[in-house]
Amino acid sequence: MTSIASNLQIDSARLWGTIHETAKFGATPKGGVRRLTLGDEDRQVRDWFKTACEAAGLEVHVDTLGSMFALRKGRDMTKPPVGLGSHLDTQPTGGKFDGVLGTLAALEVVRTLNDAGIETEIPICIVNWTNEEGSRFAPAMMASAAYVGDFTVDDILSRKDADGVAVADALDAIGYRGDSPVGRQRFSSFIELHIEQGPILEAEGKTIGVVDSGQGVLWYDGKITGFESHAGSTPMRLRRNALATLSEIVLAMETIAKKHGPNAVGTIGEAVIAKPSRNVIPGEIAFTVDCRSADAAIMDALDKDLRAAIGEISARRNVEATLDLVWRKPPTHFDPKLVAAVEATAKKLGFSHRRITSGAGHDACNLNTKIPAAMVFVPCKDGVSHNELEDATQADCTAGANVLMHTVLSLAGVAS
Ligand SMILES: [Zn+2]
């Protein structure tokens with residue numbers, strides 16, 4: 001690498017400026033962003049992004065699921081590009097950084113390389129993946145999942161939002177149903193910069209998270225069937241109370257996750273009493289479970305222990321309980337060579353860093369099933385994300401963008 005390249009730094013003020021400039025598309029009164037995928041605010045930010053990429057000399061193309069690819073040529077165009085990017089959609093009450101940082105930092109990397117007159121050996125390609133958040137259309141990360149073949153394109157195009165609008169129609173409505181076949185844009189590797197969305201880096205005073213893994217996920221739908229009866233006249237010993245049963249299961253879930261910790265979490269986030277009434281003993285409850293770990297053996301243990309606990313509690317309370325697994329996503333183990341490249345870059349640039357597991361899902365986790373991928377994390381304030389209060393410092397965002405740039409340069413090579 002030339003000495004110009006090794007001393008190269010992104011333009012911190014310019015990066016910070018673009019983050020705040022694009023935050024106006026869907027800005028909320030509390031300082032957050034509401035930019036649901038494929039809505040009009042998403043169209044506005046996409047148009048802005050396309051214009052900025054083209055102004056930076058990139059060739060932009062859009063695939064049939066609306067994901068945007070902005071290619072910067074390299075000296076050797078026979079090799080697939082190094083991919084970098086994230087997403088520009090947000091949660092309904094989201095922040096300015098989730099996804100946005102990784103996409104706009106990728107743009108900043110290209111702008112910096114342009115300013116320095118650096119040509120890479122192999123091309124690089126910025127991506128804005130459609131619908132990472134999953135709050136308007138399920139599943140989350142649908143475009144990258146289709147990219148790696150986990151879903152067919154037609155399946156994803158037919159998914160509908162709560163108003164019955166299909167992905168295909170939403171894409172047409174904002175003019176982003178592109179003509180590139182999904183998967184046609186190849187990558188030699190993919191790097192995603194993202195805020196941590198958790199408290200670890202901030203608590204330990206570390207600037208860079210070298211993400212080596214992502215949690216696997218178990219989603220269940222559960223149901224408890226007891227017996228509805230009069231709240232006044234049914235003696236306590238004769239009750240078959242579905243809600244009391246669920247209460248024990250909720251606490252058992254906590255105990256089980258803690259037992260398998262620190263790398264395990266378990267949450268019962270939804271519980272619906274079928275016919276709620278003040279003076280009726282709850283007879284039927286539907287609930288959901290979300291369990292996660294980066295270790296497949298721990299995921300199996302969580303499953304086994306949860307089933308055993310539900311069996312014991314429901315038998316003791318004389319109720320029926322079912323637990324159906326509706327989704328199992330295996331843990332992600334990011335490409336060891338890429339993880340090492342991110343780590344070496346953080347070290348070379350003098351940033352404090354640590355290896356970290358991603359608690360949330362990301363497009364890079366999907367991509368890693370087919371191409372070498374890795375992620376760079378930077379701290380966010382109080383670990384808060386998916387919230388209008390989400391915040392990160394300019395210094396940390398700048399550090400992350402510099403690690404992203406130098407990792408990409410180490411992978412793409414500088415043309416001599
Ligand atoms: Zn995100």
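A residue is called buried when its relative accessible area is under 20%, and exposed when that area is over 50%. In this predicted model, Leu409 has a relative accessibility of 1% and therefore counts as buried. Leu409 belongs to helix H13, which spans residues 394-412. Although 404 residues separate Leu409 from Ala5 in sequence, the C-alpha atoms of the two residues are 8.2 Å apart in space.

Burial also describes one side of another helix. In helix H7, residues 167-174, the buried residues are Val167, Ala168, Ala170, Leu171 and Ile174. Viewed down the axis of H7, these residues fall within an arc of 165 degrees, so they line one face of the helix. Their packing partners are helix H3 (40-55), helix H5 (142-147) and helix H6 (153-158). After H7 comes Gly175, with a positive phi near 75 degrees.

The nonpolar cores may be considered next. The largest contains 91 residues, and the members that touch the most other members are Phe49, Ile126 and Trp129. For Trp129, when residues up to four places away in sequence are not counted, the contacts include the aromatic residues Phe69, Tyr147, Phe187 and Phe190. Trp129 also touches Ser67, Ser86, His87, Ala143, Ser144, Asp363 and Leu367.

Attention now turns to a sheet. Strands of a sheet pair through backbone hydrogen bonds, in either a parallel or an antiparallel sense. Here, four strands form an open sheet in the order S9-S11-S7-S12, and the pairing is antiparallel. Strand S9 (265-273) and strand S12 (320-329) are the edge strands, each pairing on one side only. On average, neighbouring strands of this sheet are turned by 20 degrees against each other, direction ignored.

The pairing of S9 with strand S11, residues 284-293, is antiparallel and extends over 7 bridges.

Helix H9, residues 242-259, lies across strand S7 (216-225), S9 and S11. Relative to S9, H9 runs at about 170 degrees.

Technical notes:
Residues numbered from 1 in each chain as written. Predicted model: local features only at pLDDT ≥ 70, side-chain atom pairs only at ≥ 80, totals over all residues. Heavy atoms only, no water. Buried < 20%, exposed > 50% of the residue type's maximum accessible area, 1.4 Å probe, protein only. Helix = DSSP H or I, 4+ residues; strand = E, 2+ residues; numbered from the N terminus. Arc of directions from axis to C-beta. Contact = heavy atoms within 4.5 Å. Core = buried A, V, L, I, M, F, W, Y, C linked by side-chain atoms within 4.5 Å. Pairing = 2+ DSSP bridges. Axes fitted to C-alpha atoms, helices over the stretch in contact; angles between N-to-C directions.
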